[in-house]
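Welcome to this short briefing. Take a look at the structure below, and then we will walk through it topic by topic.

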Amino acid sequence: MAGARRKSPGITPEILLRAYSIGLFPMAESADDPEIFWVEPDVRGVLPLDDRFHVSKSLRKTIRQKPFDIRFNSAFDAVMTACAQETADRPSTWINETIRTLYSALHRMGHAHSVEAWDGDELVGGLYGVSLGSAFFGESMFSRRTDASKACLVHLVEHLKRQHFTLLDTQFTTEHLKTFGALDVPKTDYALMLAAAMESPHLKF
């Protein structure tokens, strides 16, 4: 993992928001490890909130068919729980109990949000992240149906654009995110993008 890592002996929701405002985010080594450390990548993942955001024709077709009921902030804790679960593709997780408690507090404060894909009464996909200024910091996503998390991501981007957000931070890029147009941004360039987003009043999500 490229970038600085700094141990954090104690953390509050207010400290967490301050960390995001200067380019840091927390992780744990594993779900069972109570320790948290700060991460500041040398290269940051960013999804563009303009025409560079790419949705494949097949995914657009799927979304038009509306296979999922997309909801916002109706099951934040359930989304975090699902993101923290180990799967065949994700045998370990960095989301420990401390992180879950902190982000649940941020949700109650209006700074952490979930986008959910529902099939009837079943939660089948989702993502969550943090909003601050005109930035949204994506944290994690999960999917129990084909294209469920992808549909959530597309709806998130559309929502952020409507609300005039200027930055969608993905922390790192993956091959999956690069299919949507995710960019690798050097830390110095990211700092300028982040500073501009922090100058904005906190936008309503």
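## A buried leucine to start from

At 11% relative accessibility, L177 counts as buried, because buried means under 20%. Please keep in mind that this is a predicted model. L177 belongs to helix 6, which covers residues 175-178. From there we can move on to the sheet, the helices and the salt bridges.

**Around L177**

- Apart from neighbours within four places in sequence, L177 is in contact with L47, L153, T170, F172 and A182.
- H54 is 123 residues away from L177 along the chain, yet the C-alpha atoms of the two are separated by 9.8 Å.
- Helix 6 also holds K178 at the end of its range, residues 175-178, and K178 returns below among the salt bridges.

- Seven strands make up an open sheet, and their order across it is 5-6-7-8-9-4-10, with mixed pairing.
- At the edges sit strand 5 (69-72) and strand 10 (183-186), each of which pairs on one side only.
- From one strand to the next, the twist averages 35°.
- In general, strands of a sheet pair through backbone hydrogen bonds, either parallel or antiparallel.

**Strand 7 and its two partners**

- Strand 7 (residues 122-132) and strand 8 (residues 135-143) run antiparallel and are joined by eight bridges.
- Two pairs show how these strands line up: V130 has F137 in strand 8 as its bridge partner, and Y128 stands opposite S140 in strand 8.
- These two strands form a hairpin with two residues between them, and G133 in the turn has a positive phi of about 60°.
- How many of the 11 residues of strand 7 are buried? The count is 10, so the strand is mostly covered, given that buried means under 20% relative accessible area.

- Which residues of helix 1 are buried? They are P13, L16, L17, A19, Y20 and S21.
- The cover over these buried residues includes strand 2 (25-27), strand 3 (36-40), helix 4, strand 7, strand 8 and helix 7 (187-198).
- After helix 1 comes G23, which has a positive phi near 95°.

**Helix 3 against helix 4**

- Two packed helices are described by the angle between their axes and the distance between the axes.
- For helix 3 and helix 4 (residues 97-108), the axes come within 10 Å and cross at roughly 155°.
- Angles over 145 degrees count as roughly antiparallel, and helix 3 and helix 4 are therefore roughly antiparallel to each other.
- Their crossing is right-handed.
- Where they meet, helix 3 brings F76, D77, M80 and T81, while helix 4 brings I99, R100, Y103, S104 and H107.

**Salt bridges**

- How many salt bridges does the count come to? The count comes to eight.
- R52 and D50 form one of them, with their closest N and O atoms 2.9 Å apart; D50 counts as partly exposed at 32% relative accessibility.
- D147 and K150 meet through their side chains in another, at 3.8 Å from N to O, and K150 is partly exposed with a relative accessible area of 30%.
- K178 pairs with D184 in a salt bridge whose closest N and O atoms are 3.7 Å apart.
- Both partners there are partly exposed: K178 at 37% relative accessibility, and D184 with a relative accessible area of 44%.
- D119, E122 and R145 are linked in a network of salt bridges.

Note on methods
Residues are numbered from 1 along each chain as its sequence is written. This is a predicted model: local features need pLDDT of at least 70, side-chain atom pairs count only at pLDDT 80 or more; totals for chains, interfaces and linings use all residues. Side-chain values use heavy atoms; hydrogens and water are left out. Two strands pair if DSSP finds at least two bridges between them. Helices (H or I, at least four residues) and strands (E, at least two) are DSSP runs, numbered from the N terminus. Axes are lines fitted to C-alpha atoms, for helices over the stretch in contact, and angles run from 0 to 180 degrees between N-to-C directions. Buried means under 20% relative accessible area, exposed over 50%, partly exposed in between (1.4 Å probe, protein chains only). A salt bridge is a side-chain nitrogen of Lys or Arg within 4 Å of a carboxyl oxygen of Asp or Glu. Angles under 35 degrees count as roughly parallel, over 145 as roughly antiparallel, 65 to 115 as roughly perpendicular and the rest as oblique. A crossing is left-handed if the near helix is turned anticlockwise from the far one by less than a right angle, and right-handed if clockwise. Contact means heavy atoms within 4.5 Å.
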